[in-house]
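The following exercises are to be worked with the sequence and the 3D structure at hand. Each task is followed by a solution in steps.

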Amino acid sequence: MARTVEDIMQNAVSVYLGFPLLVNFGTSANNYTDADEVGKVIRRAWGDVKEKALRMYPWSFCREDGKITGIRAVNPSYEHFTHYATIPFEKYVCMQAVFYDPKHLAKCFDWRQFGTTTIKFNLPEIYVEYTIDIDPQYYPAYFVDYLSCALAVECCAPLRLESKLPILLQQLQATFLDARKQDSMNEPAPASFDNIIDEARNAL
């Protein structure tokens, strides 16, 4: 079933915040200024919450493999890194892991990302796993559930619903663990996975 951003926002409001109302999230034609008060709060939180959720785990539905060819560094500000490159991937969100080889057998730790577009490393080329931002209509149901809960947690304080926060944090951990389990079904364990359970509590 195709989902829109507004569907995910409404799920956060109805399922997790318990509002028995249909929220107006505004229209792009009006730059979303025509949203109602609840819609404006949810809309403001959306971008950051989505990015944090995508970074939280190397989700299989938005994980890609690639190769980056470096340029020899001559700038002394690059410290001990001998090569650098502009990250060449469309809709790039974050790097999950870097490897010495195309089969991803040997993980490389001697690299660093600077800003949102530059990566520095010590080899002529590296092989990577990275997360991209795909259209929400392709999000699997388990990720929609986790993302909706994360959005509800973020909006508790702005909507003056702090009393809901303790139970929502428990639900956030549960939905994250369930999403991670479902995502790993029929998938090899990603080499980049190094999260721990407690990170679910710190997703936001």
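The protein has four helices and eight strands, where helices (H or I, at least four residues) and strands (E, at least two) are DSSP runs, numbered from the N terminus. The model is predicted: local features need pLDDT of at least 70, side-chain atom pairs count only at pLDDT 80 or more, and totals for chains, interfaces and linings use all residues. Residues are numbered from 1 along each chain as its sequence is written, and side-chain values use heavy atoms, with hydrogens and water left out.

**Exercise 1. Overall layout**

Task: State the order of the elements and the share of buried residues in the protein.

Solution. Step 1: from the N terminus on, the order is α-α-β-β-β-β-β-β-β-β-α-α. Step 2: buried means under 20% relative accessible area, exposed over 50%, and partly exposed in between (1.4 Å probe, protein chains only). Step 3: of the 204 residues, 47% are buried.

**Exercise 2. The nonpolar core**

Task: Determine how many residues the largest nonpolar core has and which of them have the most contacts inside it.

Solution. Step 1: a nonpolar core is a set of buried Ala, Val, Leu, Ile, Met, Phe, Trp, Tyr and Cys residues joined through side-chain atoms within 4.5 Å. Step 2: the largest such core has 59 residues, and Ile42, Trp59 and Phe143 have the most contacts inside it. Step 3: elements that each supply at least two residues of this core include α1 (5-16), α2 (37-55), α3 (141-155) and α4 (165-184). Step 4: α3 gives the most, with eleven residues.

**Exercise 3. The surroundings of Phe143**

Task: Describe the contacts and the aromatic pairing of Phe143.

Solution. Step 1: contact means heavy atoms within 4.5 Å. Not counting residues up to four places away in sequence, Phe143 touches Ala53, Leu54, Trp59 and Phe61. Step 2: rings of Phe, Tyr and Trp (its six-membered ring) pair if their centres lie within 6.5 Å; planes under 30 degrees apart count as stacked, over 60 as edge-to-face and the rest as tilted. By this rule there are 15 aromatic pairs. Step 3: in one of these, Tyr139 and Phe143 are 5.0 Å apart centre to centre with 80° between the planes, which is edge-to-face. Step 4: Tyr139 has 2% relative accessibility and therefore counts as buried; Phe143, at 0%, is buried as well. Step 5: one aromatic cluster is formed by Tyr57, Trp59, Phe61, Tyr139, Tyr142, Phe143, Tyr146 and Phe176.

**Exercise 4. Pairing of β8**

Solution. Step 1: two strands pair if DSSP finds at least two bridges between them. Step 4: seven of the eight residues of β8 are buried.

**Exercise 5. The open sheet and a charge over a ring**

Task: Give the strand order of the open sheet and locate the charged end of Lys120.

Solution. Step 1: the four strands of the open sheet have the order β2-β3-β7-β6, with antiparallel pairing. Step 2: β2 (71-72) and β6 (111-114) are the edge strands, each pairing on one side only. Step 3: β6 and β7 pair over four bridges, and Phe114 has Thr118 as its bridge partner in β7. Step 4: a charge sits over a ring if NZ of Lys or CZ of Arg is within 6 Å of the ring centre and within 35 degrees of the ring normal. The charged end of Lys120 sits over the ring of Phe114, 3.6 Å from its centre.
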